[in-house]
Amino acid sequence: MSKPTQPTLPSDTSVVPKAWYAIAWSSECKEKPIKRKVANIDFVLFRNKEGQIQAVQAYCSHRGADLSTGKVINGCVQCPYHGWEFSGDGRCRKIPAHPERDIPDFAHIQSFPVQEKAGMIWIYPDSSTKAPDLHLFPILEEPQFVYSPYQMVWKAHLTRVVESVLDVAHLAFVHKQTIGKGLSPEINDLSFQAEKDDIHFQKGTNRFHYRFPNQWIQYLGKNETKMFTFATFTPLDHETTVIFSQIGRTFAKRVPFIGKYLSHFGLRVLKEDQLIVEGQHPRPIPEALRMEAHVPSDGVQVRFRHRWYQFLKNETEHLLVRGSE
């Protein structure tokens, strides 16, 4: 008698977690609107009269024109096609062709929760439910740090990108010219603790903290008040992920070449990972642990996979990746 088959989980590529995602650097959104994407959903960002960041759907309700090609007038984004104006709450405030007529409800567009923290613009890409509070690692909001930002787009699924920063065993091989130089491939000093959405792990003097689904930080050396590396991961679509990263430091704040060097070095490290991660198959992590081999040094990734499988089973956490239905 054959054993009953286990139910399969839904496809990883069709959904990502509902969460706050970094969508741009604060410095990128100035006088003009800009367009950005999460889960294949397009958004337009602009600033109101008070300079506060706003986020609305990217296309005009009238004829579908791209609002990012318009301009900001009196704190509203103006459509370049017929001049319709939309405020940050998505309400249409002006239809120039009919200034005396009431604006109909169908003219309004969707708006989305958005805020600025740690030099980045964060969006909650679901307007149907109340957005949870955005919790970043507290050190990111401490004023004594200066930052060296950098970013990179990988043709890789969110899960594979996340696992690349949870994997300490690859350092001696992939990063043997940078952060893994001189490291032994043997892993005998890895420890970790996991609770709900958080995984704390340590190798040698370096401590790491991952928070599901998309935040990661590494405290460099014994003194975390001097230097750290932060990264957050945003799924652009079902097979593309953008990494926003910053190296924070409290030393040599006024030496500009150090900031540029650190950004360049961070990009170099990401490029070393990129070729490997973009070549992994299947594209997302498999739908069950038994579908790939695991050893003790994979403990942190295994814990991540357990949390990912919990997410897949909980439909209230799902954000549909547009175009993957």
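**Reading a predicted chain**

Me: What is the bridge partner of Val114 in E11?
Reply: Ile123 is the bridge partner of Val114 in E11. The model is predicted: local features need pLDDT of at least 70, side-chain atom pairs count only at pLDDT 80 or more, and totals for chains, interfaces and linings use all residues. Residues are numbered from 1 along each chain as its sequence is written, and side-chain values use heavy atoms, without hydrogens and water.

Me: What makes E10 and E11 a strand pair?
Reply: Pairing requires at least two bridges found by DSSP between two strands. Four bridges join E10 (residues 114-117) to E11 (residues 120-123), so they pair. The two strands run antiparallel. In their hairpin, two residues lie between the strands. There, Ala118 has a positive phi near 55 degrees.

Me: How many helices and strands does the chain have?
Reply: Four helices and 19 strands. These are DSSP runs, numbered from the N terminus: helices are H or I with at least four residues, strands E with at least two.

Me: Why is the chain called as compact as a globular protein of that length?
Reply: The globule rule is 2.2 Å times the number of residues to the power 0.38, and the radius of gyration is taken over C-alpha atoms. For 325 residues the rule gives 20 Å; the chain has 22 Å, which is close, so the description holds. Along its principal axes, the C-alpha trace spans about 75 × 70 × 30 Å.

Me: What share of the contacts with a separation of 6 or more joins residues 24 or more positions apart?
Reply: That share is 57%. Contact means heavy atoms within 4.5 Å.
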